[in-house]
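I opened this entry to look up a few local features.

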Amino acid sequence: MNSMNAMRLSATAVVVLLVGNPFTQVWAKPAAPLTQAADSSRTVVEILQKLDSDHYRDVVIDDQLSAELLDNYIDTLDSGKSYFKQSDIDEFKQWQFQLDDNLAAGNLSQGYAIFNRFRQRLMDRMEANIALLKSDYVFDFTEKESLTVDPKTRAWMATAQEYEDYWRKRIKDG
């Protein structure tokens, strides 16, 4: 890993640590979305100032870093392209050049919005999968179907039908 990739990975780790690790917070269905803690603003501003002024790799907090942070954060949450839908990604992409400015101002609201959407999609999916398994639905194992699981070779799911079909196939394959 080259030094620029390591630096960008470090910046992504900061966002994940401040907003939250999805796999430690999603399992109990929350009553309300996560929101930014009061001390998070000060912490993220201090971290970014240190990255900008004191880091030996000369980290540049700019729109390029902002876009990479967004991509890395989405990939950290949903690396398998299993929960977010294309409409979510389209919505998040509007922030790709704003994250750097918002983080520098101590505003983590976009990170929380993305995380809360992920958590909601995950919980909804778990409930739907459990309902499917408890239902009288009969999987047809004689039908030849394929399931593309490699996220590098498939797009985000764009329609509700694609989403449901993907998960039906995943359960059938499991």
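The model is a predicted one.

**Lys81.** I looked up where Lys81 sits: in the loop between H4 and H5. Is Lys81 buried or exposed? Its relative accessibility is 18%, so Lys81 counts as buried. I then checked its backbone. Phi of Lys81 is near 55 degrees, a positive value in a residue that is not glycine. Most residues other than glycine have a negative phi.

**Helix H3.** I tested the length of H3 next. At 1.5 Å a residue, its 16 residues should span 22 Å; the end C-alpha atoms lie 24 Å apart, which agrees. Which residues of H3 are buried? I find Ser40, Val44, Val45, Leu48 and Leu51. They cover an arc of only 130 degrees around the axis, which puts them on the same side of H3. An α-helix has 3.6 residues a turn, so residues three or four places apart point the same way. I also looked at the face of H3 turned away from the buried side: it carries the exposed residues Ala38, Arg42, Lys50 and Ser53.

**Core.** I moved on to the largest nonpolar core, which has 28 residues. Ile74, Leu77, Phe84, Phe92 and Ile114 have the most contacts inside it. Helices H3, H4, H5, H6, H7 and H8 each supply at least two residues of this core. H4 gives the most, with six. I listed the partners of Ile74, leaving out residues up to four places away in sequence: Ser79, Phe84, Ile89, Phe92 and Trp156.

Note on methods. Residues are numbered from 1 along each chain as its sequence is written. This is a predicted model: local features need pLDDT of at least 70, side-chain atom pairs count only at pLDDT 80 or more; totals for chains, interfaces and linings use all residues. Side-chain values use heavy atoms; hydrogens and water are left out. A nonpolar core is a set of buried Ala, Val, Leu, Ile, Met, Phe, Trp, Tyr and Cys residues joined through side-chain atoms within 4.5 Å. Buried means under 20% relative accessible area, exposed over 50%, partly exposed in between (1.4 Å probe, protein chains only). Helices (H or I, at least four residues) and strands (E, at least two) are DSSP runs, numbered from the N terminus. Contact means heavy atoms within 4.5 Å. The expected span of a helix is 1.5 Å times one less than its number of residues. The arc is that of the directions from the helix axis to the C-beta atoms.
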